[in-house]
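User: I would like to learn how to read the local and packing features of a model. Could you take me through them one at a time?

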Amino acid sequence: MVFEPPKRLVRALGETAPDGDNWLEKLPGAAQRAVALRELTVERVQVPGGRSSLVVLVRTADGTPAVLKLAPGRARPEAERAALAQWGGRGAVQLLESFTSEGVLLLERLHPDVSVRSLPEAKALLEAAGTLRRLWVEPPADFPFETVAERTGRQAEAMRARAQADPEVAPLVGLALAAREELLAAPPEHRLLHGTFRQSKVLSGERMPWLAVGPDPVVGECAFDLARLVRDRVEDLIAQPSGAATTRRRVKRLAESLDVDQERLRGWTLFRAVESGVRAGRVGRPRDAELLLEFAGWL
């Protein structure tokens, strides 16, 4: 089988590595080797698939449905492996192999085309939040994960540079950076976090109704993880005349349902929305940048 990467993956990797690398060129051969090593039968490449990895639906030698996932080093696949091992299938997709193969994961098969986003909005938020709560566990003693301070520190540098080049975004960037400094001064807890949690990252399963996939794990406070969920379906929020009020109610409802401080959630939601908006503008997605920065302005 020819392992052709979906267009969505090619486009997204081009944004994260504009100077290019040879991972995509090596991908077909790497996929063939991974399949042969595990004696897998390939069904199909998942399309549109993810933004940071090739996802292949396969069956193991005994016929068990599984997913083979291949990701470049910059997507931190080994951190994902460590987080999934720590969760042990509780709230997240399960690892099906314990041995290490660089950039390759063999995972439990969920229903790849059925995410919690398919539910009505209120129900989707409820199910997603319940799934996220199960992931917030103590990190291992010698955890191999970035901290929220480290990750947002790198992001803050890029935000400052963008604000200098584009004065229109400077006020929001200033507010976001100030919020970050205040939030990092006294974090209330340190938990293992999904890192990139949203409705589309929660898929239907057989073992449990809903399970999380695709973490970019980080260690820090729970409000940071929940912040990305606040802006889910941002395009729908922007289209509503009452979008700003709906957003504020969502912050309040999610904070109360997961025992997270409301102001800390609002602050991290602001930072993460501005960071995503600035990044979208930098890589040539002006419509996404506009939506995200308008959303951030409501906070």
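User: Where does Asp259 lie?

Analyst: Asp259 lies in the loop between H9 and H10, where helices (H or I, at least four residues) and strands (E, at least two) are DSSP runs, numbered from the N terminus. This is a predicted model, in which local features need pLDDT of at least 70 and side-chain atom pairs count only at pLDDT 80 or more, while totals for chains, interfaces and linings use all residues. Residues are numbered from 1 along each chain as its sequence is written, and side-chain values use heavy atoms, with hydrogens and water left out.

User: What is the phi of Asp259, and is Asp259 buried or exposed?

Analyst: Most residues other than glycine have a negative phi, and most peptide bonds are trans. Phi of Asp259 is near 55 degrees, a positive value in a residue other than glycine. For accessibility, buried means under 20% relative accessible area, exposed over 50%, and partly exposed in between (1.4 Å probe, protein chains only). Asp259 has a relative accessible area of 67% and is therefore exposed. Arg76, placed in the loop between strand S3 (65–70) and helix H3 (77–87), also has a phi near 55 degrees, but Arg76 is partly exposed because its relative accessible area is 28%.

User: Which residues does a cis peptide bond join?

Analyst: A cis peptide bond joins Val47 and Pro48, with omega at about 5 degrees, and Pro48 has its place in the loop between strand S1 (41–45) and strand S2 (54–59).

User: How should I read the crossing of H9 and H10?

Analyst: Axes are lines fitted to C-alpha atoms, for helices over the stretch in contact, and angles run from 0 to 180 degrees between N-to-C directions. The axes of helix H9 (residues 243–257) and H10 come within 9 Å and cross at roughly 125 degrees. Angles under 35 degrees count as roughly parallel, over 145 as roughly antiparallel, 65 to 115 as roughly perpendicular and the rest as oblique, so H9 and H10 are oblique to each other. Where contact means heavy atoms within 4.5 Å, Val251, Lys252, Leu254 and Ala255 in H9 meet Gln262, Leu265 and Arg266 in H10.

User: What is the strand order of the sheet that contains S10?

Analyst: Strands of a sheet pair through backbone hydrogen bonds, either parallel or antiparallel. Two strands count as paired if DSSP finds at least two bridges between them. The open sheet of 3 strands has the order S6-S10-S7, with mixed pairing. S6 and S7 stand at its edges, each with a single partner strand, so one side of each is left without a neighbour in the sheet. S7 and S10 run antiparallel and are joined by 3 bridges; Leu193 has Val218 in S10 as its bridge partner. H7 lies across S7 and S10, running at about 25 degrees to S7.

User: Which residues of H5 are buried, and what covers them?

Analyst: The expected span of a helix is 1.5 Å times one less than its number of residues. The 18 residues of helix H5 (residues 148–165) should therefore span 26 Å, which agrees with end C-alpha atoms 26 Å apart. Val148, Arg151, Thr152, Gly153, Gln155, Ala156, Met159 and Ala163 are buried in H5. The cover of these buried residues includes strand S6 (146–147), helix H6 (170–185), strand S7 (191–193), strand S10 (218–220), helix H7 (222–230) and helix H10 (262–282).
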